[in-house]
Amino acid sequence: VQVVESGGGSVQPGGSLRLSCEASGFSISTFRMSWYRQPPGKGRELVANIFSSGDTSNYADSVKGRFTISRDNSKNTVYLQMNSLNPEDTAVYFCHAYYKGWGPATEYWGQGTQVTVSS
């Protein structure tokens, strides 16, 4: 069971990147999927999440209008389209899967992918 992020890299300010998070060993269809990030020397923060239905998503104020989270349950994958990137977006980006039914919550974290925005 794992989630694996990809798509990170280095980009100039104003550029775009698309992150992917592919899950294996379980189906994301019932999971709330989220992207978090951890800037250098700072704590981890929520960037965006999307509920299992796919029709409800939330964004941090700092990324609203620039980032878009989406999911393709048939591919067991979640995406984060990042546009108009600025140096403050530099961070390690983590994928998080969360499910809470009647019993204890189930959650998985990826290892993270580095995004660096610099001229």
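Cys21 and Cys95 are both buried in this predicted model. These two cysteines form a disulfide, with their sulfur atoms 2.0 Å apart. The side chain of a further buried residue, Glu5, reaches the backbone nitrogen of Cys95.

**The disulfide**

- A disulfide is a covalent bond that joins the sulfur atoms of two cysteines.
- A search of the whole structure finds 1 disulfide.
- The link of Cys21 and Cys95 is left-handed, with -75° about the S-S bond.
- This pair connects distant parts of the chain, 74 residues apart: Cys21 belongs to strand E3 (residues 17–24), and Cys95 belongs to strand E9 (residues 91–99).

**The setting of Glu5**

- Glu5 is located in strand E1, which covers residues 2–6.

- Although Glu5 is buried, it has no salt bridge.
- Arg44 carries the nearest side chain of opposite charge, and it lies 7.5 Å from Glu5; a salt bridge requires the charged atoms to be within 4 Å.
- The side chain of Glu5 comes to 2.7 Å from the backbone nitrogen of Cys95.
- A polar atom of the Glu5 side chain also lies 3.2 Å from the backbone nitrogen of Gln111.

Technical notes
Residues numbered from 1 in each chain as written. Predicted model: local features only at pLDDT ≥ 70, side-chain atom pairs only at ≥ 80, totals over all residues. Heavy atoms only, no water. Helix = DSSP H or I, 4+ residues; strand = E, 2+ residues; numbered from the N terminus. Buried < 20%, exposed > 50% of the residue type's maximum accessible area, 1.4 Å probe, protein only. Lys, Arg positive; Asp, Glu negative; His and termini not counted. Polar contact = N/O pair within 3.5 Å; in protein donor to acceptor, adjacent residues only side chain to side chain. Disulfide = S-S within 2.5 Å.
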